[in-house]
Amino acid sequence: MGKNESVHSDQSASPSSAEIESIEKFQRAALLGNWSEAKALFEKILPTDQIAQKVTKWFTIDENQIAEILATVRAELPTTEALMVGKPQAGKSSIVRGLTGVSADIIGQGFRPHTQNTKRYAYPSADLPLLIFTDTVGLGDANRDPEALIAELLGELQQVSDRARILILTVKINDFATDTLSQIAQDLRRQCPAIPCLLAVTCLHELYPAEVTDHPPYPPQLEELNRAFRSIQDTFKGLYDQAILLDFTLEEDEYHPVFYGLEALRDALADLLPEAEARTIHQLLDREVGETLGTLYRDVGRRYILAFSIMAATLAAVPLPFATMPVLTALQASLVGLLGNLYGQTLTPSQAGGLVSAIAGGFLAQAIGRELIKFIPGFGSVIAASWAAAYTWALGEGACVYFGDLMGGKKPDPQKIQQVMKAAFASAKERFKEVPKRNAKL
């Protein structure tokens with residue numbers, strides 16, 4: 001309310017007759033779709049620097065507001081909980097790596113103990129998760145009680161939740177000692193029949209004939225694999241909704257592609273999950289944004305930026321009990337804080353919000369002058385889904401440059417950051433221009 005009142009007080013002075021005439025001309029030009037003339041008239045009425053000053057105020061919210069907004073945003077996100085059940089070394093972490101694009105080391109550090117027999121990893125962050133992976137530990141260990149594990153898993157699945165859930169049974173192609181896993185699957189299926197189950201058969205290369213040195217075209221047509229796959233499917237018959245073959249390896253293993261069967265995994269999840277969650281995962285698997293830039297930090301940073309850009313686009317298309325600008329700010333403060341942690345810089349939410357203003361200040365003024373003006377009238381529609389996604393992407397790229405300079409012992413160069421954000425915004429607009437259509441049904 002205070003922000004709106006201050007804006008209104010700025011405009012309380014009665015306009016002159018010349019200003020009224022300019023406003024009427026602007027409205028006519030806008031209604032007729034003559035945006036070039038409308039832009040010139042609007043800039044005459046209210047210069048771009050004044051607009052930037054007003055809008056920049058909307059991006060300033062305190063830490064308590066950020067916490068409140070993030071709690072509301074968290075409830076609106078299309079989050080998927082994936083319960084991973086399988087023996088150690090069965091490829092569960094590789095599936096997480098394939099779905100998130102994050103390195104094995106970071107995923108290993110991201111998993112945290114959840115119960116006695118499970119650990120959990122939230123992506124991109126625990127505060128704003130799009131994917132939550134719960135991994136069973138100790139399955140197949142003679143010292144572990146399978147009944148206790150089943151009880152824990154059932155406790156997880158029977159909790160009331162609005163999130164989409166899926167059970168992923170992970171079995172190595174050459175592992176036929178699966179009695180315990182089959183018992184667990186039977187109990188889970190019997191007591192939670194509404195939760196879809198995906199059977200993922202992994203580590204295919206371990207059964208390749210000697211003459212096969214790389215992945216064959218997918219799906220593989222090798223008799224050894226097909227025979228083993230059929231046997232595993234028979235073992236788990238009636239306990240799963242779909243079964244797929246996967247082989248997610250490391251770059252140094254020299255199998256190509258590294259994520260063999262990723263499209264099959266994506267399509268299976270699309271079939272088994274609700275539309276909103278399936279669409280989010282499909283967007284996360286857009287490999288164009290994972291182009292190697294030469295550093296682990298920038299590569300991982302881009303995966304986080306993508307996730308938050310998708311959030312921004314999704315939430316911009318869904319009415320929330322908060323104005324869009326503060327929601328966008330809270331998301332971006334969370335993103336900058338996460339990127340800071342990645343680069344070894346710990347920031348509080350208020351510090352992250354201040355850094356957002358510092359990084360984005362000059363860029364925001366340019367964006368308003370060059371981009372947002374075209375949306376007048378109806379200034380509230382400025383932050384459309386594609387614009388929100390592109391702006392969040394650009395800010396994330398700028399933050400990576402900022403933190404990268406600090407890590408390298410250099411003073412961040414504001415001009416370089418602005419140039420990076422400008423280029424990133426331009427390319428991201430093209431990438432996310434279809435987002436509003438994709439999110440229209442959310």
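Q: Which residue stands opposite leucine 83 in strand 5?

A: In general, the strands of a sheet pair through backbone hydrogen bonds, in either a parallel or an antiparallel manner. In this predicted model, the residue opposite leucine 83 is leucine 167 of strand 5.

Q: How many bridges join strand 1 to strand 5?

A: Strand 1 (residues 80-86) and strand 5 (residues 164-172) run parallel and are joined by seven bridges.

Q: What is the order of the strands in the open sheet?

A: The sheet has seven strands in the order 2-3-4-1-5-6-7, and their pairing is mixed. Strand 2 (112-113) and strand 7 (242-245) each have a single partner strand and stand at the edges, so one side of each lacks a neighbour in the sheet.

Q: Which strands does helix 9 lie across?

A: Helix 9, formed by residues 179-191, lies across strand 1, strand 5 and strand 6 (197-202). Relative to strand 5, helix 9 runs at about 160°.

Q: Is glutamate 152 buried or exposed?

A: A residue is called buried when its relative accessible area is under 20%. Glutamate 152 has a value of 19%, and therefore counts as buried. This residue is found in helix 8 (residues 146-157).

Q: With which side chain does the side chain of glutamate 152 make a polar contact?

A: The partner is the side chain of threonine 115, at 2.6 Å. Apart from neighbours within four places in sequence, glutamate 152 is in contact with Thr115, Gln116, Asn117 and Thr118.

Q: How far apart are isoleucine 232 and leucine 199 in sequence and in space?

A: They are separated by 33 residues in sequence, and their C-alpha atoms are 9.3 Å apart. Isoleucine 232 lies in helix 10 (residues 223-235) and is buried, at 3% relative accessibility. Leaving aside neighbours within four places in sequence, isoleucine 232 is in contact with Leu199, Val201, Val171, Lys172, Ile173 and Phe176.

Q: Which residues does tyrosine 304 touch?

A: Not counting residues up to four places away in sequence, tyrosine 304 touches Val102, Ile106, Tyr121, Tyr123, Pro124, Leu335, Leu338, Leu339 and Leu342.

Terms used. Residues are numbered from 1 along each chain as its sequence is written. This is a predicted model: local features need pLDDT of at least 70, side-chain atom pairs count only at pLDDT 80 or more; totals for chains, interfaces and linings use all residues. Side-chain values use heavy atoms; hydrogens and water are left out. Two strands pair if DSSP finds at least two bridges between them. Helices (H or I, at least four residues) and strands (E, at least two) are DSSP runs, numbered from the N terminus. Contact means heavy atoms within 4.5 Å. Axes are lines fitted to C-alpha atoms, for helices over the stretch in contact, and angles run from 0 to 180 degrees between N-to-C directions. Buried means under 20% relative accessible area, exposed over 50%, partly exposed in between (1.4 Å probe, protein chains only). A polar contact is a pair of N or O atoms within 3.5 Å; within protein, one must be able to donate a hydrogen and the other to accept it, and residues adjacent in sequence count only if both atoms are side-chain atoms.
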